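Subject: Structure handover and findings

Hello,

My notes on it follow below.

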Amino acid sequence: MLIPLTLAFLIGWISQRMGLCLVAAITMLLYRRPTLFVALITCGLFGLLLTPLFHLLNVSQPYYQPVTPLYLLIIGGLLFGISSVLNDGCSVGTLTKLARGDISKIMTIIGWVIGIVLWRTLSQFPAEKMAQMPSPTATNYLLAFALVVVSLSILIRYQREKHFVGLSILLGLLTSSLFTFEPQWAPSLLFYDIAHGIWSQGTWPISMLRIGVFGVMLLGMFSFTLYRKTFDYQALNPGRGGQYLLAGIIMGASASMMIGGNDSQILLVFPTLTLTTTLPLASVCIGIVLALQLKKGFNRRRNLRDKAAV
């Protein structure tokens, strides 16, 4: 049990070190700073390239494919991206900000669970499923390797942020290793199972190891803020808390449509690079871009009105 908890602590520490958040990464990308986005997207690809090593060690590396209509994957991804901007952070970004002291982010997690329960209760669709994919093929490896090479060339080009190269590779190694100990450790999968336990009113499919991994990962995030002296306690704010609750509800429902938040999509679904496994993450990214552009336009019009009033 010590090894997976150690891996979880290191994942939390590095996630906070990188400022891991898909919304922040795409915001930087729109300002022609692609390093965080590239590093984040390629974490799962680095893990896939390690699959042969895991086979030699006789351990399995799980990869999944959503068994759900394509239009649900697209709609779910778009809504998840839009609500992530409303939440000012994706699923991992929510945790890094919570660990940094923003207590209002608890409302996002509560909303996420509520959203999943509402979707499961009100949805007319069959229960969502994830099919575990067989071992990656030679084509999967070639595509992943090509994308990794392109990604590394982009990361190395930006010398001021070249630390993302090593951190991205290390994070891919750590997350892949943790999946061999606990295949369901990803935060969005934990939220999903908590909601499932509430909805089904049955036994909760959550082991003590999963709870421990989640708690220690938060501890790793928190510890980094103490180390860098960036911890900034912000008490629960009713206004922001309500905004995050609404965003969390939409994030939970939309994550149910595409079977998992952006963390599980990046690490467990996207790396196999098929149409079904790339659509959700691509839709999330498009949703974030659209929401950021709408937010930018709204802020511009508001600033113009304020200037005109003066």
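Helix α6 covers residues 91–99 and is mostly covered: nine of its nine residues are buried. Buried means under 20% relative accessible area, exposed means over 50%, and partly exposed is in between (1.4 Å probe, protein chains only). Helices here are DSSP runs of H or I with at least four residues, strands are runs of E with at least two, and both are numbered from the N terminus.

The buried residues of α6 are S91, V92, G93, T94, L95, T96, K97, L98 and A99. They pack against α1 (2–18), α7 (106–122), α10 (187–200), α11 (208–228), α12 (238–258) and α13 (262–269). Contact means heavy atoms within 4.5 Å. Just after α6, G101 takes a positive phi of about 120 degrees.

A word on the source. This is a predicted model, in which local features need pLDDT of at least 70 and side-chain atom pairs count only at pLDDT 80 or more, while totals for chains, interfaces and linings use all residues. Residues are numbered from 1 along each chain as its sequence is written, and side-chain values use heavy atoms, with hydrogens and water left out.

Overall fold

The chain has 14 helices and two strands. Its radius of gyration is 19 Å, close to the 19 Å that the globule rule gives for 310 residues, so the chain is as compact as a globular protein of that length. That radius is taken over C-alpha atoms, and the rule is 2.2 Å times the number of residues to the power 0.38. Along the principal axes, the C-alpha atoms fill a box of roughly 70 × 50 × 40 Å.

Of the 310 residues, 52% count as buried. Take the contacts between residues at least 6 apart in sequence: 82% of them join residues at least 24 apart.

Surface and charge

Aromatic pairs

Rings of Phe, Tyr and Trp (its six-membered ring) pair if their centres lie within 6.5 Å; planes under 30 degrees apart are stacked, over 60 edge-to-face, and the rest tilted. By this rule there are nine aromatic pairs.

One of them joins W112 and F191, edge-to-face, at 5.5 Å centre to centre and 65 degrees between the planes. W112 sits in α7 and F191 in α10, so the pair ties together parts that are 79 residues apart in sequence. Both ends are covered: W112 is buried at 3% relative accessible area, and F191 is buried at 4%.

F222 and F231 have ring centres 5.4 Å apart and planes at 90 degrees, so this pair is edge-to-face. F222 is partly exposed at 29% relative accessibility. F231 is partly exposed at 35%.

F9, W13, F224 and Y227 form one aromatic cluster.

Backbone points to check

D88 has a positive phi near 60 degrees and is not a glycine. D88 lies in the loop between α5 (70–86) and α6. At 36% relative accessibility, D88 is partly exposed.

I259 also is not a glycine, and its phi is positive at about 60 degrees. I259 is in the loop between α12 and α13. I259 is buried, at 9% relative accessibility.

V269 belongs to α13 and is buried at 0% relative accessibility. V269 and P66 are 203 residues apart in sequence but 8.0 Å apart in space, C-alpha to C-alpha.

L273 is in the loop between α13 and α14 (275–309). L273 is buried, at 17% relative accessibility. L273 and T139 are 134 residues apart in sequence and 9.4 Å apart in space, C-alpha to C-alpha. Neighbours within four places in sequence aside, L273 contacts L45, L143, A144, L147 and T278.

Best regards
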